[in-house]
Amino acid sequence: MNTLDKIILHKIKEVEERKQQKSIKELEASPNFGSASLSLKKFLTDPGKTGIIAEFKKKSPSKGIINDKVTVEEVVTGYEAAGASACSVLTDIEFFGGKDEDLERARKAVNIPLLRKDFIIDEYQIVEAKALGANIILLIAAALEKKTLKKLAEFAKSLGMEVLLEVHNEEELKESVNQYVDVVGVNNRNLKNFEVDIKTSLDLVNKIPSQFLKISESGISDPASIRELRKAGFHGFLIGENFMKTENPGLAMKEFVQKIKG
């Protein structure tokens with residue numbers, strides 16, 4: 001059983017437990033649920049922004065603890081000041097050390113779109129995401145059947161949220177892309193063995209239909225890679241570990257952006 005399979009098995013149990021703890025009605029009563037949504041598409045194409053979706057991630061299954069010394073507020077405000085188009089916040093507890101509170105606190109701290117980074121398998125989690133302050137949800141093609149993915153994407157759109165579809169190869173792209181998706185992200189990290197190769201993005205960029213914004217995810221640590229990916233046709237870049245492994249992730253992003261402009 002690979003890591004992704006283990007995560008999904010655990011997530012099925014976790015979601016059922018969460019449903020017993022808090023009802024949909026309680027989630028819908030959250031102050032965040034009725035607030036105006038911020039558009040990732042709009043912020044990604046804003047010339048005043050960097051196109052970077054900067055991530056708050058404390059640990060991962062492949063690297064263990066990345067950074068558990070910084071607060072979510074200091075990280076996301078630093079990212080926003082450095083020109084981030086959006087922030088991604090991990091909420092998976094078991095494998096990534098995230099928590100719901102991180103997303104809620106991030107929402108209070110910044111005025112840019114927030115992505116709930118988790119393994120979404122159920123509509124309940126989408127309601128949760130909106131209640132926590134997220135504007136975007138992530139749907140991972142490798143973790144969902146085609147019909148389920150489309151149903152979840154349609155449900156997210158009905159709540160006024162945007163959908164980031166994550167793919168790893170051409171087969172997933174062809175199977176999973178649908179009219180409810182806003183942005184297609186190519187994950188350069190193989191979720192089965194955690195190997196990373198930016199060539200994955202470059203190979204797929206021209207196969208993504210032109211009506212979708214395109215982002216490259218994972219393994220981006222060199223400003224030259226950003227320039228190459230942008231030239232290839234990508235509108236955005238999800239970067240987490242490269243900033244989070246430093247003492248001051250916001251400053252690390254600021255210096256990274258200066259090198260891109262360099």
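With which side chain does the side chain of Asn187 make a polar contact? The model is predicted, and in it the partner is the side chain of Ser218, at 2.8 Å. Asn187 belongs to strand E8, which spans residues 183-187. The side chain of Asn187 also reaches a backbone atom, namely the nitrogen of Arg189, at 2.8 Å. When residues up to four places away in sequence are not counted, Asn187 touches Glu166, Val167, His168, Thr200, Glu217 and Ser218.

Two residues may be set side by side by their accessibility.

| Residue | Relative accessible area | Class |
|---|---|---|
| Asn187 | 6% | buried |
| Ile12 | 44% | partly exposed |

Asn187 is classed as buried because its relative accessible area of 6% is under the 20% cut-off.

Ile12 is located in helix H1, residues 3-21. Together with Met1 and Leu9, Ile12 makes a nonpolar surface patch of about 320 Å².

Apart from its neighbours within four places in sequence, Tyr79 is in contact with a set of residues including Ala54, Phe56, Cys87, Phe243, Met244, Pro249 and Met253. Glu55 is also among the contacts of Tyr79.

Notes. Residues numbered from 1 in each chain as written. Predicted model: local features only at pLDDT ≥ 70, side-chain atom pairs only at ≥ 80, totals over all residues. Heavy atoms only, no water. Contact = heavy atoms within 4.5 Å. Patch = residues over 30% accessible without salt bridge, like charges linked within 9 Å, V, L, I, M, F, W, Y side chains within 5 Å. Areas by Shrake-Rupley, 256 points an atom, 1.4 Å probe, with all protein chains shown as cover. Salt bridge = Lys/Arg side-chain N within 4 Å of Asp/Glu carboxyl O. Helix = DSSP H or I, 4+ residues; strand = E, 2+ residues; numbered from the N terminus. Buried < 20%, exposed > 50% of the residue type's maximum accessible area, 1.4 Å probe, protein only. Polar contact = N/O pair within 3.5 Å; in protein donor to acceptor, adjacent residues only side chain to side chain.
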